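Me: Could you take me through the salt bridges in this one? I'd like a close look at which side chains pair up and where they sit.

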Amino acid sequence: MALKLYGLPMSTNTTRAIICLHEKEVDFELVPVNVFTAEHKQPPFLSKNLPPTDFSSVAHPALWFDSSTRRRAITAYVAEKFKETGPDLIRHKDVKEGALVKVWTEVEAHYYEPAVSPIIYEHFVAPFQGKEPDKSVIDTNVEKLKKVLDVYEEKLSSTKYLAGDFYSLADLSHVSETHYLMQTPCASMINERPHVKAWWEDISSRPAFSKVEPGMTFGKNQE
């Protein structure tokens, strides 16, 4: 069975999965799903998710291969299943390094993404939907993100990447969100922290991301 990835092409969740698939040199087919028209809540799409769930509002993207997963679980699944090809994103041969990768992927999920996502929404999604950006939401989350980035700056002063001196799933998990952040005035938060800036320039220059970046523009691929 061919591997298929279902999702909104320019969303952070979908592009995160695509970057991982490219890193692991996995052939796949992207099946666009228009979440703006709630296509992801329709039976043909929900049937691609296992097990069936009532949480249809968050059920994208989905991966169909010999199992189905959603959101960050896709990258973890791909990194594990195809661990012998491409870079070792989960450091499966070193328990300590693997644990550090898990720690920093959790940091991204619970601290970085919750601060960045509302900023991205207000700058890109709200205008796309004809809404005015909520400056108070942006300001609140900018303050949260500054604190997170201060921790990153300290960590990256001693290692090249978040989990150590090796590129991993922890770094990959940040690429899609940070790409959009860097297109806003909030990019200054990255640029004014030298170690974070160097890290971003490194992880955003990888060939896997260069294959995805051209399509990461609101106004494209949403039809």
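Reply: The structure holds 10 salt bridges, a salt bridge being a side-chain nitrogen of Lys or Arg within 4 Å of a carboxyl oxygen of Asp or Glu. Keep in mind that this is a predicted model, where local features need pLDDT of at least 70, side-chain atom pairs count only at pLDDT 80 or more, and totals for chains, interfaces and linings use all residues. Residues are numbered from 1 along each chain as its sequence is written, and side-chain values use heavy atoms, with hydrogens and water left out.

Let's start with Arg-206 and Glu-23, whose side chains meet in a salt bridge at 2.7 Å, N to O. This pair links distant parts of the chain, 183 residues apart: Arg-206 is in the loop between helix H8 (194-203) and helix H9 (207-210), while Glu-23 is in helix H1 (residues 12-23). Helices here are DSSP runs (H or I, at least four residues), numbered from the N terminus. Glu-23 has 7% relative accessibility, so it counts as buried; buried means under 20% relative accessible area, exposed over 50%, and partly exposed in between (1.4 Å probe, protein chains only).

Next up, Arg-193 and Asp-150 form a salt bridge at 2.9 Å, N to O. Arg-193 lies in the loop between helix H7 (188-191) and H8, and Asp-150 in helix H5 (residues 135-156), so the pair ties together parts 43 residues apart in sequence. Arg-193 is buried at 8%, but Asp-150 is partly exposed at 43%.

Then there's Arg-91 with Glu-97, at 2.8 Å, N to O. Arg-91 is partly exposed at 23%, and Glu-97 is partly exposed at 22%.

Finally, a network of salt bridges links Arg-16, Glu-108 and Glu-177.

Note on methods:
Helix = DSSP H or I, 4+ residues; strand = E, 2+ residues; numbered from the N terminus.
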